[in-house]
Amino acid sequence: MAKRDSQDVLYRGRRRWNGNHGKLWIDGDLVFEISAFEIKVTADRDDVIIGNSKDSKVVSLTGEGSFTIKNVFNRGFSNLLEEWKAGHDPRCTLVGLVEDPDMVDGQKERITVDNVWFNTLDIMHFEKGEVRETEIEFGFTPEDISYLETVEI
């Protein structure tokens, strides 16, 4: 019988991330009604022509994300609307954590994102027979992301 490489054991199905244990904090407050969280950085590029070939160069980075919450209460977004109406552009800090009890050695991945701004507010929406969820989009400066914990092999 062939001996299994220890790397093979790490790539079993049970080692895949399961989002059920993911968490999000906004300015230190746990968002207990979270159902999804996504954050991404896009490289903005300008064309560079070399001979007859088109290449590119990164000229800036754009940070975007969203999270979805199961509506339980307003979560203070009415305060954000009042700030916007008064001409202010408030910022906050998000901390995201993904963990899974089956991860190798119980490891976790945690990031913090500062200078987060919100782009839209869904003021009110409902449909009879539908459990309400709201997706909240945001932007941030990519230089303000820090990894607090990462998964190591």
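The lining of the largest pocket divides into 10 nonpolar, five polar and four charged residues (nonpolar: Ala, Val, Leu, Ile, Met, Phe, Trp, Tyr, Cys and Pro; charged: Asp, Glu, Lys and Arg; polar: the others, Gly among them). The model is predicted, and local features need pLDDT of at least 70, side-chain atom pairs pLDDT 80 or more, whereas totals for chains, interfaces and linings use all residues. Residues are numbered from 1 along each chain, and side-chain values use heavy atoms, without hydrogens and water.

The volume of the largest pocket is about 470 Å³. A pocket is an open set of points on a 1 Å grid over the protein atoms alone where a 1.4 Å probe fits, with protein on both sides within 12 Å along at least five of seven lines; lining residues have an atom within 4 Å of a point. The volume is the space filled by probe spheres set on the points, which are joined across faces, edges and corners. Strand E3 gives the largest share of the lining, six residues (strands are DSSP runs of at least two residues, numbered from the N terminus).

Five aromatic pairs are found in the whole structure (Phe, Tyr or Trp rings, the six-membered one for Trp, with centres within 6.5 Å; stacked under 30 degrees between planes, edge-to-face over 60, tilted for the rest). Phe37 and Phe138 are stacked, at 6.4 Å centre to centre and 15° between the planes. Phe37 lies in strand E3 and Phe138 in strand E7 (residues 133-140), 101 residues apart. Phe138 and Phe140 form a tilted pair, with 6.2 Å and 40°.

Definitions and conventions
Helices (H or I, at least four residues) and strands (E, at least two) are DSSP runs, numbered from the N terminus.
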